[in-house]
Amino acid sequence: MDSCVLLAFLLFCWAEAASAPDPPLKSIRLGDAVTLPMTVPKGQSLNNLLLRDSSREEAIAIWMDSKDVSVVNIKYANRVTFQKDEIAFRIANLSLDDGGTYEISTSFTSSSPKVLGSFLVAVFNITERISSLGNDSCYIYLDCEVGMGSGHRVTYAWKDSETGTTLSQVAWLIQLVHTNHKRAYTCAAQTPTAQSTFSFVLQHPCIPNMASPGPWALGSLLVRGLLVTAALLLL
Ligand SMILES: *[C@@H]1O[C@H](CO)[C@@H](O)[C@H](O)[C@H]1NC(C)=O
Ligand SMILES: *[C@@H]1O[C@H](CO)[C@@H](O)[C@H](O)[C@H]1NC(C)=O
Ligand SMILES: *[C@@H]1O[C@H](CO)[C@@H](O)[C@H](O)[C@H]1NC(C)=O
């Protein structure tokens with residue numbers, strides 16, 4: 001009961017809050033964790049924090065008086081922790097549905113809550129299939145799917161990470177590659193307001209990665225995720 005009242009109050013407060021500039025973007029692989037750090041103004045002591053999904057206007061977790069995190073949203077049960085050393089919330093095991101905008105604030109029960117951090121999280125489901133040709137070549141089929149918040153239409157492109165050449169204007173990519181050729185690919189996902197990219201290297205593109213099976217396993221591991229805001233792209 002108490003938490004319902006609190007939540008109703010929070011939602012009311014945030015409807016009033018001024019919208020911040022474009023939040024920093026984080027691109028994360030499906031099943032991985034995201035760390036959401038906050039900037040604490042000098043001299044301010046932290047005694048309460050609220051993590052919320054600002055695209056859905058839903059509270060996720062509350063941290064009060066240095067106690068454990070209380071997760072108030074069933075969708076995030078057992079997945080949210082507070083990293084004291086980094087002063088950050090961490091959300092584990094991301095699903096596509098977790099993509100969206102997150103916000104951290106303090107003094108959330110007062111009339112003037114302070115936003116300490118805001119992030120757009122893009123969750124990438126990149127899958128790879130290999131079709132061997134029996135010689136030293138194979139076909140690789142790459143598929144990209146990104147969660148960037150509900151209600152956003154996402155368009156996709158595949159690029160060669162090294163040359164920047166666009167290889168595909170759709171969510172999938174088929175390439176004929178040689179066993180010994182190292183390849184670097186980037187999946188770019190675009191919504192009306194933001195673009196996110198995820199880049200990875202296939203060291204031996206024709207050899208499936210036996211070490212980590214599963215739907216999102218890639219031949220060799222991903223090296224970096226990178227996101228750029230739409231604002232930057234328009235320059
Ligand atoms: C991660 O989430 C998926 C559903 O999104 C679930 O099936 C899986 O068991 C979870 N894995 C862990 C380690 O919690
Ligand atoms: C990830 O993408 C693959 C290929 O499209 C699909 O089979 C799989 O179900 C997707 N995983 C999730 C969790 O949506
Ligand atoms: C392997 O076979 C495919 C299809 O027949 C061909 O296109 C490719 O060039 C061959 N690769 C090599 C290294 O000979």
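Leu49 stands opposite Thr106 in strand 8, where strands are DSSP runs of E of at least two residues, numbered from the N terminus. The model is a predicted one, in which local features need pLDDT of at least 70 and side-chain atom pairs count only at pLDDT 80 or more, while totals for chains, interfaces and linings use all residues. Residues are numbered from 1 along each chain as its sequence is written, and chains are lettered from A and ligands numbered from 1 in the order in which they are written.

Strand 3 (residues 48-53) and strand 8 run antiparallel and are joined by 5 bridges, two strands being taken as paired if DSSP finds at least two bridges between them. Strand 8 (residues 100-106) is mostly covered, with 7 of its 7 residues buried; a residue is buried if 20 or more other C-beta atoms lie within 10 Å of its own, exposed if 12 or fewer, and partly exposed in between, with C-beta atoms placed from the backbone. Ile104 is found in strand 8, and it counts as buried because it has 26 C-beta neighbours inside 10 Å. The C-alpha atoms of Ile104 and Ala59 are 10.0 Å apart in space, although the two residues are 45 apart in sequence. Strand 8 also pairs with strand 9 in the antiparallel sense, over 7 bridges, and in this pairing Ile104 stands opposite Gly117 in strand 9.

The antiparallel pairing continues from strand 9 to strand 10 (residues 137-147), over 10 bridges, with Arg129 standing opposite Tyr141 in strand 10. The hairpin of strand 9 and strand 10 has 4 residues between the strands, and within this hairpin Gly134 takes a positive phi near 85°. Strand 10 in turn pairs with strand 13 (residues 172-178) in the antiparallel sense, over 7 bridges, and Cys138 has Val177 of strand 13 as its bridge partner.

The residues around ligand 3 are Leu133, Asn135, Asp136, Ser137 and His178, a residue being counted as near a molecule if its C-beta atom, placed from the backbone, lies within 6 Å of it. By class, this shell around ligand 3 has 1 nonpolar, 3 polar and 1 charged residues, where Ala, Val, Leu, Ile, Met, Phe, Trp, Tyr, Cys and Pro count as nonpolar, Asp, Glu, Lys and Arg as charged, and the others, Gly among them, as polar.

The largest nonpolar core has 44 residues, of which Leu51, Ala61, Ala122 and Phe124 touch the most other members; such a core is a set of buried Ala, Val, Leu, Ile, Met, Phe, Trp, Tyr and Cys residues joined through C-beta atoms within 7 Å. Strand 9 (residues 114-132) gives the largest share of this core, 8 residues. Because domain 1 (25-123) and domain 2 (124-202) both give residues to this core, it lies between them, the domain bounds coming from an automatic or database domain assignment.

A further set of 3 strands forms an open sheet in the order 2-7-6, with antiparallel pairing. Strand 2 (34-37) and strand 6 (80-83) stand at the edges of this sheet, each with a single partner strand, so one side of each is left without a neighbour in the sheet. Neighbouring strands of this sheet are turned by 25° against each other on average, direction ignored, the axes being lines fitted to C-alpha atoms, and angles in general running from 0 to 180 degrees between N-to-C directions. Strand 6 and strand 7 (residues 88-91) run antiparallel and are joined by 4 bridges, and Phe82 stands opposite Phe89 in strand 7.

Glu57 is found in the loop between strand 3 and strand 4 (58-64) and is exposed, since 11 other C-beta atoms lie within 10 Å. Asn93 is placed in the loop between strand 7 and strand 8 and is likewise exposed, with 12 other C-beta atoms within 10 Å.

Tyr185 lies in strand 14 (residues 183-190) and counts as buried, with 26 C-beta neighbours inside 10 Å. Tyr185 and Thr163 are 22 residues apart in sequence and 9.9 Å apart in space, C-alpha to C-alpha.
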